[in-house]
Amino acid sequence: MSLIRLAYASEATFDAQPVEKGVEPHVARILLTSRKNNARANLVGGLYYGNNRFFQYLEGEENEVRKTFGRIKEDDRHRNIMTLIEEPIEARTFSDWSMKYVPLSADVRRFLERHGLDSFNPQAFSSEQCEEMIQLIRDSKQGQKLVNHDETVTAPSRKPSGFSPALRFGLIAAAVCLVGALIYAGSLL
């Protein structure tokens with residue numbers, strides 16, 4: 001089994017929508033599909049989306065990487081796809097990630113500032129910048145969460161809830177009414 005790595009850049013064809021759960025909705029759908037497909041194909045890697053551009057990195061068995069990249073090139077959610085790196089590797093470096101996502105973060109802003117870049121445009125990256133971006137994705141502490149991590153604002157962590165705020169309010173109101181009805185019925189006895 002021969003392993004390869006592949007990095008590419010592309011431009012999104014969709015207009016960015018308001019962020020939901022910290023991730024642009026189109027990107028969130030791409031991530032969900034990628035994670036499922038990559039896990040099935042035993043591929044690992046990472047994705048960054050910024051300035052309406054993608055930078056994606058994949059590692060895995062050569063046939064699976066090429067097959068996946070073929071599907072990626074057919075996806076109409078992006079255009080101007082440019083292969084930045086494609087070469088054999090000895091071992092995987094993203095051992096546990098089917099598709100790691102790095103949201104906008106101070107790390108990426110520092111990367112752009114360090115290289116004197118006004119915006120995120122991976123199609124113009126040098127090979128050293130590509131390697132640095134791959135390392136930035138690899139080292140990111142964001143995990144598999146779908147969150148926007150703009151480090152200038154830190155939101156308190158909350159336990160995720162399976163209920164929407166409206167449903168929660170409705171359930172609480174129903175519970176209050178039920179308790180009230182039970183108290184009233186008890187007073188009639």
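Trainee: How do strand 1 and strand 3 pair?
Mentor: Strand 1 and strand 3 pair in the antiparallel sense, over nine bridges. Strands here are DSSP E runs of at least two residues, helices are H or I runs of at least four, and both are numbered from the N terminus. Two strands pair if DSSP finds at least two bridges between them. This is a predicted model, where local features need pLDDT of at least 70 and side-chain atom pairs count only at pLDDT 80 or more, while totals for chains, interfaces and linings use all residues. Residues are numbered from 1 along each chain as its sequence is written, and side-chain values use heavy atoms, leaving out hydrogens and water.

Trainee: Which residue in strand 3 is the bridge partner of Ala7?
Mentor: That is Tyr57. Ser10 also has a bridge partner in strand 3, namely Phe54.

Trainee: And what about strand 1 with strand 4: parallel or antiparallel?
Mentor: Strand 1 and strand 4 pair in the antiparallel sense, over nine bridges. There, Ala12 has His78 of strand 4 as its bridge partner.

Trainee: What is the strand order of the open sheet?
Mentor: The five strands are ordered 4-1-3-2-5, with mixed pairing. Strand 4 (78-89) and strand 5 (100-102) are the edge strands, each pairing on one side only. From one strand to the next, the twist averages 15°.

Trainee: Which helix lies across the strands?
Mentor: Helix 4 lies across strands 1, 2, 3, 4 and 5, running at about 75° to strand 3. Contact means heavy atoms within 4.5 Å. Axes are lines fitted to C-alpha atoms, for helices over the stretch in contact, with angles from 0 to 180 degrees between N-to-C directions.

Trainee: Switching to rings: how many aromatic pairs are there?
Mentor: The count comes to eight aromatic pairs. Rings of Phe, Tyr and Trp (its six-membered ring) pair if their centres lie within 6.5 Å; planes under 30 degrees apart count as stacked, over 60 as edge-to-face and the rest as tilted.

Trainee: Why is the pair of Tyr48 and Phe120 edge-to-face?
Mentor: Because their planes are at 65°, with the ring centres 4.6 Å apart. Tyr48 is in strand 2 and Phe120 in the loop between helix 3 and helix 4, 72 residues apart, so this pair links distant parts of the chain.

Trainee: Last one: where does Gln123 lie?
Mentor: Gln123 lies in the loop between helix 3 (106-114) and helix 4 (127-139). Gln123 is buried, with a relative accessible area of 18%.

Trainee: What does the side chain of Gln123 join up with?
Mentor: A polar contact of 3.1 Å joins it to the side chain of Arg53. A polar contact is a pair of N or O atoms within 3.5 Å; within protein, one must be able to donate a hydrogen and the other to accept it, and residues adjacent in sequence count only if both atoms are side-chain atoms.

Note on methods: Buried < 20%, exposed > 50% of the residue type's maximum accessible area, 1.4 Å probe, protein only.
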